[in-house]
Every structure is written in structure tokens, then in C-alpha cells.
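Please find below a short note for a colleague who is opening this model for the first time. It goes through a few places that can be checked by eye.

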Amino acid sequence: MELSDEMLTEISYVQISKYRTKVMKALEGDVKIPTAIANDSGIRTNHISKVLGELKEHELVECINPEVRKGRLYRLTDKGEDIVRNLI
């Protein structure tokens, strides 16, 4: 499959940060709270919210219950799922 320039740019954006890569892979096919993402990716919890914010800006992850303060659930967007499938 031929990847678009936009897709290649997003893949590169994720790959230049091992934190972004690990968070994306931790969320692949799943819905998780930040603590679970931290446990699965080996990244400290205090870094997770920053990384999730960056990935949300790029529309790669979404929060499915933003109204709650604790226990927010995150998942990959369709675009995020496409990126994860193409990560090396």
C-alpha cells in the first residue's frame, strides 16, 4: 500500500519520540486509562499526560470520557490505528 505524504509525516512524528511510539503501541486495539498505559509502556505516569496531549493534537488518540477528572479512557483514532500498523 502506498502511504500518503501526510501519513509518512505522522509516522515520522511518532517515531522520533520513543515515548510517543510506546504509548501508541500500548493503546493498539485497546482502551486504557493513563495508569495502564504507563504500566504497559514502561513510561512514568507523569510523562503520559504530556504524550497523550501531543498525540491528541495530531488526532492520533482520543479521550472517550473527557468529562471525568479521574479514570479518563483513551484509545487510538482510526488515523492512529493506521499509524501504529505502519510503525517499524
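This is a predicted model: local features need pLDDT of at least 70, side-chain atom pairs count only at pLDDT 80 or more; totals for chains, interfaces and linings use all residues.

1. Residues are numbered from 1 along each chain as its sequence is written, and side-chain values use heavy atoms, with hydrogens and water left out.

2. The largest nonpolar core has 23 residues, and V23, M24 and L55 are those with the most contacts inside it; such a core is a set of buried Ala, Val, Leu, Ile, Met, Phe, Trp, Tyr and Cys residues joined through side-chain atoms within 4.5 Å. At least two residues of this core come from each of α1, α2, α3, α4 (45-57), β1 (61-63), β2 (74-76) and α5 (78-85), where helices (H or I, at least four residues) and strands (E, at least two) are DSSP runs numbered from the N terminus.

3. In helix α2, the buried residues are R20, T21, V23, M24, A26 and L27, buried being under 20% relative accessible area, exposed over 50% and partly exposed in between, with a 1.4 Å probe and protein chains only. These buried residues pack against α1, α3, α4, β1, β2 and α5. Leaving aside neighbours within four places in sequence, V23 is in contact (heavy atoms within 4.5 Å) with I37, S41, I43, I48, V51, L52 and L55.

4. How do α2 and α3 cross? The axes of α2 (residues 18-27) and α3 (residues 34-41) come within 9 Å and cross at roughly 110°, the axes being lines fitted to C-alpha atoms over the stretch in contact, with angles from 0 to 180 degrees between N-to-C directions. The two helices are therefore roughly perpendicular to each other, a term that covers 65 to 115 degrees. The contact is made by K22, V23, A26 and L27 of α2 together with I37, D40 and S41 of α3.

5. E10 lies in helix α1 (residues 5-15) and is buried, with a relative accessible area of 10%. Apart from neighbours within four places in sequence, E10 is in contact with H58, L60, K79 and I83.

6. Two backbone angles deserve a look. Just after α2, G29 takes a positive phi of about 65°. E59 has a positive phi of about 60° although it is not a glycine; E59 is placed in the loop between α4 and β1 and, at 52% relative accessibility, counts as exposed.

How values were computed. Angles under 35 degrees count as roughly parallel, over 145 as roughly antiparallel, 65 to 115 as roughly perpendicular and the rest as oblique.
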